[in-house]
Amino acid sequence: MPLRYLLQRVGAFFLIVWAAATINFAVPRLSSVDPVREQMMQSVAIGGSSAQSMDEVIKSYEKRFGLDQPLWKQYARYIWDMARFDFGVSITRFPTRVSAMIFDALPWTLVLVTVSTLIAFVLGSLFGALLAWPRAPKFIHVLAPPLLTFSAIPYYLLGLTLIYLFAFTWRFFPLGGGYDIGSSPGWSLDFIGQAVRHSILPALSIVLASMGFWALGMRAMMVTVQGEDYVTLAEAKGLKSRRIFLRYALRNAILPQTTALALALGHVASGAVLVEVVFGYPGVGSLLYSSIRTFDYTVIYGLTFLVIVAIGVATLILDLLLPKLDPRITYHRR
Amino acid sequence: MVATAEAQPATGWFLRAPRALRAYPMLAVGLVLLLAVALMSVIGPLFVEKERVNVGYAIPDQRPSREYLLGTDTVGRQMLAIIIYGTPLTLKIGLISGAIGLSVGMIFGLVSGYYGGFWDHLLRGAADAFLTVPGLLVLVVIATTFHGGISVTTQALVVSALAWMYPTRTIRSQVLSIRERSYVQLARFSGMNGFEIIVREIIPNLLPYLAASFVGAVSAGILASIGLEALGLGPQNEPTLGMTIYWSMYYTSILRNLWWWWAPPIVVIVVIFTGLFLISAGLDQVANPRLRNRT
Amino acid sequence: MTDTRIDLGPLPTATPTARPAGDRETILEIRDLHVYYHTSRGPAKAVNGVSFSLARGEVLGLVGESGSGKSTIALSLLRMIKVPGRIEQGEVVLDGRDLLSLPEEAMRLVRLGEIAMVAQGAMNSLNPVMRIRDQIVDSWKDHDAGMNRGETEDRIADLLRWVGLRPEVARMYPHELSGGMKQRAVIAIAISLRPKVIIADEPTSALDVVVQRQIMATLRRVQEDLGAAVILIGHDMGLMAQSVDRLGVMYAGELAELSPVRDIFKDPLHPYSKLLIASLPSLDHKGKLRGIPGLPPSLLNPPAGCPFHPRCPYVMDRCRVEAPPLEPKRPNRLAACHLYEEEAIGVRR
């Protein structure tokens, strides 16, 4: 793969990350009061956490971000911190470092979201492709309306319904959390088994709710591709229907579909966050939820930044994967 | 199918509309759904007084009964009233963000697609960049800065900040293809200036895409606002659908089997989204004849 | 009306002499083919009763305006007409078998195996994500042309050489090839299973004149070597003049005239043929460009009687009411026109 393409893509990645960090920096400073400082003061006033060390934290915070510092200096320090994933300490759960909290929660989310999204993408695309193929088995069309209705619902609302039905009314699955109450996380087989059982409903919400979206997109792409000359010629060559479907139609339709995946990652992340909240799943989403309720700004900002970075990485991977799929786009940027 | 429509004299679009709708069943059903929801918001207040929405109005935790048609929640609000008075708020947010998203998207898309060059790179790059960002999180960052005191209109504005990207992209790519068509070239050669061409030649051909983008932006707006509200970041005192869900989770309605608290908002949301979705699928068929159902 | 004569110049020496069709055995026969496209406003009669036969090794040209039905015929022969189109009636007999009544799986094997299509616009006829060799080989696999690995590679190289491509092309992707190369690749695919009939639907319309000539030469050479019959579809009269044995002129879904090519150019029978030839610019003398006045008829509502009568300079009352059948008006020359009725009586085949 030519260097220029690689550099372009990586450059775009860093650009986005930098822009995200900057927005994160700018937004709280737009309002007249610095919310972080306000919140810190508040928690001192409440006296919940050790007031003395909090005082020190506030002092060191002021030294870095206080109003006596020139803006560019604050900004520079901030960017430097972000680059090292140093997000400071949590205001409410003082003195825990924000990065520690996030990295504890991150694996849960990564696994859940990656697996669910991949399953939804593959199944949804296949389903959509079959919907558009005139020689597909008839039962496919029967499955379409329910799946498409599901896709109109936000993930987490579907999750709520699933919890009610399958965890509360019929006790097939646990009610929430990442593992059974009372267990402690570890690498034991038993724990992993619990983790899997607890992930099924959340994963199901994501898969059912997003499958329809991929199916629709794929169906539209397949309709377009089927009108192309090379599909006509494929049929005129007397190829078997399955070969035309897989190697001529699907293979070409999957390209814009993959691009769509890269663009949809932000949306997927947002949805996943809410799903975790609904299920009390111990990932990044629940962390966000709890920090919103307590206005733990440092956690909120650190989290947002990290998620943007994660999405950037995922997009970069997909971008680098695309030329492998489409031999036409090796050399120039579309 | 054709017979009945042909028999009547085609006097005006009013008579022709039913036939057009029959050609696009999805569009028709979608419109009907949304109309039903809107109707409920308009007619409902005639039957149910606004006070029923207030905390402490009724006996809490009541199952649906003849007196409380949809039951009551833990703080004594009547669910039916909440649905009737809360839905229009959600719709309002959707419309505002749809309008803003479409307007900005139209301007950006037209400028980017028609004039190209620097503007194209800038606007398109910005749109792509903003798309990769997880919208909800950015909104969370913005919303938390307000420290909780947010009104419905403010929330609509916040949500609109992320509603313009898809319209921009869609409109831009359509403008690019329309720009190369012969009648536009002809207009350019005959001396029309850019602005005139845009208004007279390009926009009329964009109408199905404008409509589709609007619907998309409304959808995205409602989705984002419900998401924000479900996290507790919406207008605290208004009975919007999202806030209702937030409160229902806050008071653990699932474990207490208060299904009438969280189910009605979900049903209304599903109806709204299904309606929007069908409308946009129907508009897709209008724009792209190949997607139509063949008789 | 004055006849403008076209100076054809020497024909390419591909076929030594154009033997009349009657001398060779018939490989393909089309009888009363009707193909309609069903729209919400009624059926559009794209092909409205076409019959002709094709002899083994013969090159037949089909020429006509857009919408005259030529491409529809090509698709019908391969039974690839899609909804809302339908083959309403007729027979397509290839080597004694009626193709229209074959089960789908048998028809699939006929495609490429016995009738091959060289598509128009090699622009997009090749799958962008597959290498050329894979696109040649997959049809072999699906036609059970069992070969081992070594034989396959040799066969591909031979095939490419045959159409004038270097063997390295096999590993390339379509976007790496020029227009002419892509067209050759499409021809290579078409002939790879030694079909009896090749249908070339505007094979050179997207190419420049120089490449056009090369491609037609390649096609001609290949056709001779194989002994395959060719149906060449297009709207370029000049190209037809240089390439075909017999020429069929189509109008509004019907055949207006079908004769050996030199005869049509020297002495066109049907008024439409006359006007077509008259509209060709001549290198000999200057004059105004002449088109054919009027518009092609609607296929939904074709005119009564002869479909050409609204535009015909020789129209008679009879033409408005009675549709002329395609009949031999001269030896070996078929035309659908009332002008020659009297002469036809005197002709015995």
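Q: Is C:Arg108 buried or exposed?
A: Buried. This is a predicted model, and in it C:Arg108 has 7% relative accessibility. Buried means under 20%, so C:Arg108 counts as buried.

Q: What does C:Arg108 form a salt bridge with?
A: With C:Glu105. The closest N and O atoms are 2.8 Å apart.

Q: Where do C:Glu105 and C:Arg108 lie?
A: Both are in helix H2 of chain C, residues 104-113. They are 3 residues apart, about one turn of the helix.

Q: And what does C:Glu105 count as?
A: Partly exposed, because its relative accessibility is 47%.

Q: Which side chain meets C:Arg333 in a salt bridge?
A: That of C:Asp267. The N to O distance is 3.8 Å.

Q: What parts does that pair tie together?
A: C:Arg333 lies in strand S12 of chain C, residues 333-335. C:Asp267 is in the loop between helix H8 (261-266) and helix H9 (271-278) of chain C. So the pair ties together parts that are 66 residues apart in sequence.

Q: C:Arg333, buried or exposed?
A: Buried, at 5% relative accessibility. C:Asp267 counts as partly exposed, at 32%.

Q: What about C:Arg318, which residue does it form a salt bridge with?
A: C:Glu322, with the closest N and O atoms 3.0 Å apart. C:Arg318 is partly exposed at 32% relative accessibility. C:Glu322 is partly exposed too, at 37%.

Q: Which residues do salt bridges with shared partners join into one network?
A: C:Glu25, C:Arg56, C:Asp95, C:Arg97, C:Glu114 and C:Lys196.

Q: How many salt bridges over all chains?
A: A search of the whole structure finds 28.

Q: Switching to strands. What is the order in the open sheet of 4 strands?
A: S2-S1-S4-S5, in chain C. The pairing is antiparallel.

Q: Which strands stand at the edges?
A: Strand S2 (42-55) and strand S5 (97-98) of chain C. Each has a single partner strand, so one side of each is left without a neighbour in the sheet.

Q: How many bridges join S1 to S2 in chain C?
A: There are 11, and the two strands run antiparallel. S1 covers residues 26-39.

Q: Which residue stands opposite C:Leu28?
A: C:Leu54, in S2 of chain C.

Q: What lies across S1, S2 and S4?
A: Helix H1 of chain C, residues 70-77. H1 runs at about 115° to S1 of chain C. Strand S4 spans 85-94.

How values were computed:
Residues are numbered from 1 along each chain as its sequence is written. Chains are lettered from A and ligands numbered from 1 in the order in which they are written. This is a predicted model: local features need pLDDT of at least 70, side-chain atom pairs count only at pLDDT 80 or more; totals for chains, interfaces and linings use all residues. Side-chain values use heavy atoms; hydrogens and water are left out. A salt bridge is a side-chain nitrogen of Lys or Arg within 4 Å of a carboxyl oxygen of Asp or Glu. Buried means under 20% relative accessible area, exposed over 50%, partly exposed in between (1.4 Å probe, protein chains only). Two strands pair if DSSP finds at least two bridges between them. Contact means heavy atoms within 4.5 Å. Axes are lines fitted to C-alpha atoms, for helices over the stretch in contact, and angles run from 0 to 180 degrees between N-to-C directions.
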